[in-house]
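Subject: The structure you asked about

Hi,

Here is the structure, ready for you to open next to the sequence. Have a look at it first, then read on.

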Amino acid sequence: MIRWGEEKRQADPGFFCRKVVEGVSQPVWLVSDTRRVSDIQWFQETYGAVTQTVRVVALEQSRQQRGWVFTPGVDDGESECGLDNFGDFDWVIENHGDEQRLEEQLEDLVEFVRTRL
């Protein structure tokens, strides 16, 4: 599946992004799980300044406490790490295990989205 997706992206970097928005009009899009710079670039080029990027981060220790185990060939691949050095996110949500802090950050993001409706 990954190989097929990579072939599609190499032939047409916007292939999957266009599939998501095809025939639908929304005042706000929440696109979860973009994994590549080309995905973000497509949305920024297509929707311009209204595009907001959100990165959710968690310490490796927090992830391990939730049951995550590093899998070579998967967790170090582009589909998992392609945005690690993007660095220009509009929002960074920290999910290190502090539920109150996470809730506060999400409330700020939801309030921002509400101002755009």
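This is a predicted model: local features need pLDDT of at least 70, side-chain atom pairs count only at pLDDT 80 or more; totals for chains, interfaces and linings use all residues.

**The whole chain**

The protein chain has 117 residues, and 22% of them count as buried. There are 6 helices and 2 strands, and from the N terminus on they come in the order α-α-α-β-α-α-β-α. Along its principal axes, the C-alpha trace spans about 40 × 40 × 20 Å. If you take the contacts with a separation of 6 or more, 64% of them are between residues 24 or more positions apart.

**Helix 1**

Helix 1 covers residues 2–11, and its buried residues are G5, E6 and R9. Looking down the helix axis, these buried residues fall within an arc of 100°, so they line one face of the helix. Turn to the other side of helix 1 and you'll find R3, Q10 and A11 exposed. What sits over the buried residues? The cover includes helix 2 (15–21), helix 3 (37–47) and helix 5 (78–81).

The largest pocket has a volume of about 1,500 Å³. It is lined by 42 residues, and those closest to its centre are V31, D33, T34, V54 and R55. Helix 3, strand 1 (54–57), helix 5 and helix 6 (99–115) are the elements that each give two or more residues to this lining. By class, the lining of the largest pocket splits into 23 nonpolar, 9 polar and 10 charged residues.

The second largest pocket holds about 370 Å³ of space. Its lining is made up of 18 residues, with R9, F16, D33, R35 and R36 nearest the centre. Helix 1, helix 2 and helix 3 are the elements giving two or more residues here, and helix 1 gives the most, with 5 residues. The classes in this lining are 8 nonpolar, 4 polar and 6 charged.

**Two loop residues**

D84 lies in the loop between helix 5 and strand 2 (91–94). Is D84 buried, exposed or partly exposed? Its relative accessible area is 41%, so D84 is partly exposed. If you want a sense of distance, D84 and V21 are 63 residues apart in sequence and 25 Å apart in space, C-alpha to C-alpha.

T51 is in the loop between helix 3 and strand 1. T51 counts as buried because its relative accessibility is 15%, and the cut-off for buried is under 20%. Leaving out residues up to four places away in sequence, T51 touches F43, Q44 and D90.

Happy to go through any of this with the model open on screen.

Cheers

Technical notes. Residues are numbered from 1 along each chain as its sequence is written. Side-chain values use heavy atoms; hydrogens and water are left out. Buried means under 20% relative accessible area, exposed over 50%, partly exposed in between (1.4 Å probe, protein chains only). Helices (H or I, at least four residues) and strands (E, at least two) are DSSP runs, numbered from the N terminus. The arc is that of the directions from the helix axis to the C-beta atoms. Contact means heavy atoms within 4.5 Å. On a 1 Å grid over the protein atoms alone, a cavity is a set of points where a 1.4 Å probe fits but cannot get out, and a pocket is an open set with protein on both sides within 12 Å along at least five of seven lines; lining residues have an atom within 4 Å of a point. Grid points are joined across faces, edges and corners, and a volume is the space filled by probe spheres set on the points. Ala, Val, Leu, Ile, Met, Phe, Trp, Tyr, Cys and Pro count as nonpolar, Asp, Glu, Lys and Arg as charged, and the others, Gly among them, as polar.
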